[in-house]
Amino acid sequence: MTKAEEYINSIPKFAGKTELKNTEILLDELGIDTSRMKIIHVAGTNGKGSVCSYISNTLVKAGYKTGLFISPHLVKINERIQIDNVPVSDEIFDAAYEKVLKAAHRMEQSGGKHPAYFEFLFGMAMLVFKEQGVEYVVLETGMGGRYDATNVICPKVSVITSISEDHMEFLGQTLEEITTHKAGIIKPGIPVVTIEQEPKVKEILSEEARQKKSRIYDISEDNLKFKEKAGKYIDFLNANAYDKERDVRTNIAGEFQKSNLAAALQTAELICGRLDEDKIYEALSQIRISGRMEEIAPGIIVDVSHNIQGMQGFVQTVEANYHGM
């Protein structure tokens, strides 16, 4: 373990707070103006990481230099900060760590608080994206949305994936309370893409969008015509934005991934307009996400599901596509 990772791991993971001032101070100390960045902001309970990867891959194949900030990491902490879908090098990671550490010390010397674990890593990511000159940034919220460190930004598009009960000790004891946190990433006048939700969740998201005068795009798997679901793949046709009928085979299995794919394509189109079809199909066919319905050996499938909704999706996919293995 490097000195940087050892120090970051020593920082408290969760900071009890109800405002974002500390994150704003950190970014100011680092000289980062997020208003100059083109950002896609993704919140939700399940599917955030997959949607972020789909969007990022699509933008990269379309020719845009793209920064990606996700969590958690599976093997190495550098995975959280990526440029064109490649984790940053140790040299870039360590250089960002040193600069953020100095900024954190300045904050403490001024009577402020040291950034929490996620704030520290978010500061590092935004610094890397600024210094590397990325054209687009895809940000995954850490937890919740309204008071998440990433919510100091104003995106080009907000995306909200499936919402269910999770992190209830931090976000509330009801689905309505949890949804209110996630809905906090909706910004005035900024379009929001959301997948099919439970009626009470949809009502809260729609009301937040109405109050903020933000157009909401409700996306479902009906936006894609799925032709075949094999054990390792999802084959589909885009039913909405593109005219040419072509099969696409992704390397991500999962009944739950259909709406995620549709939401990612809608988001990419809102950002870039009509994209080149060949580039989209190339991007989606090359996606591989470790720990998402990953077959690590013949007949052995692993998934990082960590709540009831995620486990239900895992079981449904296994029952539908891996029978008899």
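**Charged pairs and their surroundings**

Author: In this predicted model, the side chains of glutamate 207 and arginine 210 form a salt bridge, with N and O 2.7 Å apart.

Reader: Where do glutamate 207 and arginine 210 lie?
Author: Both are in helix α8, which covers residues 199–211. They are three residues apart, about one turn of the helix.

Reader: And how accessible are glutamate 207 and arginine 210?
Author: Glutamate 207 has a relative accessible area of 31% and is partly exposed. Arginine 210, at 54%, is exposed because the cut-off is over 50%.

Reader: What does glutamate 208 pair with?
Author: Glutamate 208 forms a salt bridge with lysine 212, and their closest N and O atoms are 2.8 Å apart. Salt bridges with shared partners join Arg146, Glu208 and Lys212 into one network.

Reader: Is glutamate 208 buried or exposed?
Author: Glutamate 208 has 12% relative accessibility, so it counts as buried, the limit being under 20%. Lysine 212 is partly exposed, at 21%.

Reader: How many salt bridges are there?
Author: The count comes to ten. One of them joins glutamate 98 and lysine 3, at 3.5 Å from N to O. Glutamate 98 is in helix α4 (residues 90–109) and lysine 3 is in helix α1, so this pair ties together parts 95 residues apart in sequence.

Reader: Aspartate 148 next: buried or exposed?
Author: Aspartate 148 counts as buried, at 6% relative accessibility. It is found in the loop between β5 (136–140) and β6 (157–160).

Reader: What is aspartate 148 in contact with, leaving aside neighbours within four places in sequence?
Author: Its contacts are Leu20, Phe118, Thr141, Gly142 and Met143. The C-alpha atoms of aspartate 148 and glutamate 119 are 8.8 Å apart, although 29 residues separate the two along the chain.

Reader: What about glutamine 266, then?
Author: Glutamine 266 lies in helix α9 (residues 257–272) and is buried, at 15% relative accessibility. Not counting residues up to four places away in sequence, it touches Val193, Tyr217 and Ile219.

Reader: Finally, how many helices and strands are in the protein?
Author: There are eleven helices and 13 strands. Of the 325 residues, 52% count as buried.

Technical notes: Residues are numbered from 1 along each chain as its sequence is written. This is a predicted model: local features need pLDDT of at least 70, side-chain atom pairs count only at pLDDT 80 or more; totals for chains, interfaces and linings use all residues. Side-chain values use heavy atoms; hydrogens and water are left out. Helices (H or I, at least four residues) and strands (E, at least two) are DSSP runs, numbered from the N terminus. Buried means under 20% relative accessible area, exposed over 50%, partly exposed in between (1.4 Å probe, protein chains only). Contact means heavy atoms within 4.5 Å. A salt bridge is a side-chain nitrogen of Lys or Arg within 4 Å of a carboxyl oxygen of Asp or Glu.
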